[in-house]
Amino acid sequence: MPTKHEQETAVSAVPHQSVLDVDDLAVHFQLQGGALSRLLGLRARSVKAVDGVTLTLHRGEVLGLVGESGSGKTTLGRALLGLVPTTGGSITYHGRERGDRLVSEMRGAELRRLRTDLQMVFQDPHAALNPSMTIEEAVGHPLVIHGIATGAELRERVSAALERVGLAPVERFLGKYPSDLSGGQKQRAVIARAIILQPEVLVADEPVSMLDMSVRAKILQLMLDLKNDLGLTYVYITHDLATAKYFCDRIAIMYLGRVVEIGATDEIFANPRHPYTKALLKAIPEPDPEKQVPRDLPRGEIPDAAVPPLGCAFHPRCPEAIAGCGWESRDLRALLEEHWTRKVEAYDDEVALIGDLDSLDTPSTTAKLGSGGSGEVRALLDRIRAEKPDEPLWKGVTDIEPAGNGVEVQFQPADSPALRRAGGAEVACILYPEGAPEP
Ligand SMILES: Nc1ncnc2c1ncn2[C@@H]1O[C@H](COP(=O)(O)OP(=O)(O)O)[C@@H](O)[C@H]1O
Ligand code: SF4
Ligand SMILES: [Mg+2]
């Protein structure tokens, strides 16, 4: 019997039918400061987990959300299902077809309907299953709590779902507990539970990353088969571009809460434009050892999302950064500290000249530096600059002025770049300005 979605959808992606429209979405989490920070009168900090994301989920497609840990993928996925309160912007479900339905404004029955139409599959199948429920109870649970089926019909629907996900013969699995199953079998059960309400959209959050290598491809293939058979639309969240290449029609690359590049999977792989996308692609392990490339991303760790870099958030790690990318006080501190790791012998004298660096930790395009006389501090900065004149930070310095007993370094201010069309993709990087030919 065809499902409700088979009746109303074509199986392949329908580019102009949107299921979800995300517009300038923000999800910020307030971090409760401890008692000490309250005593000191420090402002509560917030993490911009999702910050200005605009994208459309097309009916029938697999849209990948790809990025390193902390880039906001899970938060965006949860927001799509109305599971986290949004701070700004909007998510519209079936906006164009069925009248505006803002996820953030849904309540009661409408929110429950959304929660049956959109289902999430989580990374850890073990944590997702209640250890004291049999597989039959777990997979049938959504039908019970929504009052959809009981008795023989319930068992029939559970059996059909188990069969669909390859947990067959079904009789062998109905009475089992999660602890009796392998990781791959547990994830199959979780997927059976997710499809039993005949949802329209599955948000799969790293669904294979905790599974053995040997079963990953099988689970992904199962998900593709289900998508085709049931007319599903997928949001596939992963930090792993290799599985995204195999699985996704389109990919959105995320960095610190923003989409930095989005386009068709083939386009992203054949012609990556954003420097972060290029770095991620280089980090894919190469099966052929002759072609191994360095796996580490350039220049350091992902910054703290509570105090992201000014300008383009990727600039401290970007190998292509230029003057207008958002250089600031914290970059100057990092540069000085890096200099002292190379010139340990100079540390004591130079620190005496430069003075306390802690003021540089407050993000600013003005950095005050030095306590040993402005001429001397200026001369020291010039010497450090001469050691590595190509260091991109210096390109962003617009002025170094005497100030008190030291200097004031001015950086060129910059906004976070917006997504703009560039060839077959959209890219958020100042190397791809509006309407310009591609570099
Ligand atoms: N409930 C929460 N409270 C506070 N911060 C959170 C919460 N959930 C996520 N974050 C923060 O938001 C950022 C994005 O997290 P997440 O969406 O889990 O990213 P990803 O799935 O890409 O690893 C991280 O800095 C994370 O620490
Ligand atoms: S705007 Fe582009 S070039 Fe500049 S730091 Fe960001 S990614 Fe690199
Ligand atoms: Mg996550």
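**Figure 1. Shell of ligand 2 in the predicted model.** The shell around ligand 2 comprises 11 nonpolar, 2 polar and 1 charged residues; here Ala, Val, Leu, Ile, Met, Phe, Trp, Tyr, Cys and Pro count as nonpolar, Asp, Glu, Lys and Arg as charged, and the others, Gly among them, as polar. Of the 14 residues around this ligand, Cys312, His315, Cys318, Cys325 and Cys429 come nearest. A residue is near a molecule if its C-beta atom, placed from the backbone, lies within 6 Å of it. The model is predicted: local features need pLDDT of at least 70 and side-chain atom pairs count only at pLDDT 80 or more, whereas totals for chains, interfaces and linings use all residues. Residues are numbered from 1 along each chain as its sequence is written, while chains are lettered from A and ligands numbered from 1 in the order in which they are written.

Figure 2. Helices (H or I, at least four residues) and strands (E, at least two) are DSSP runs, numbered from the N terminus.

**Figure 3. The largest nonpolar core.** This core has 103 residues, and those with the most contacts inside it are Ala192, Val235, Ile253 and Val259. At least three residues come from each of domain 1 (4-32 + 45-131 + 196-270) and domain 2 (327-411), with bounds from an automatic or database domain assignment. A nonpolar core is a set of buried Ala, Val, Leu, Ile, Met, Phe, Trp, Tyr and Cys residues joined through C-beta atoms within 7 Å. Leaving aside residues up to four places away in sequence, Val259 touches Val53, Leu55, Ala252, Ile253, Met254, Leu419 and Ala428; contact requires C-beta atoms, placed from the backbone, within 7 Å.

Figure 4. Aspartate 24, in strand S1 (residues 14-31), has a positive phi near 50 degrees. Aspartate 24 counts as exposed because 11 other C-beta atoms lie within 10 Å. Glutamate 206 also has phi near 50 degrees and sits in the loop between strand S6 (201-205) and helix H11 (213-230). Glutamate 206 is buried, with 21 C-beta neighbours inside 10 Å. The cut-offs, for C-beta atoms placed from the backbone, are 20 or more other C-beta atoms within 10 Å for buried, 12 or fewer for exposed, and partly exposed in between.

Terms used: Contact = placed C-beta atoms within 7 Å.
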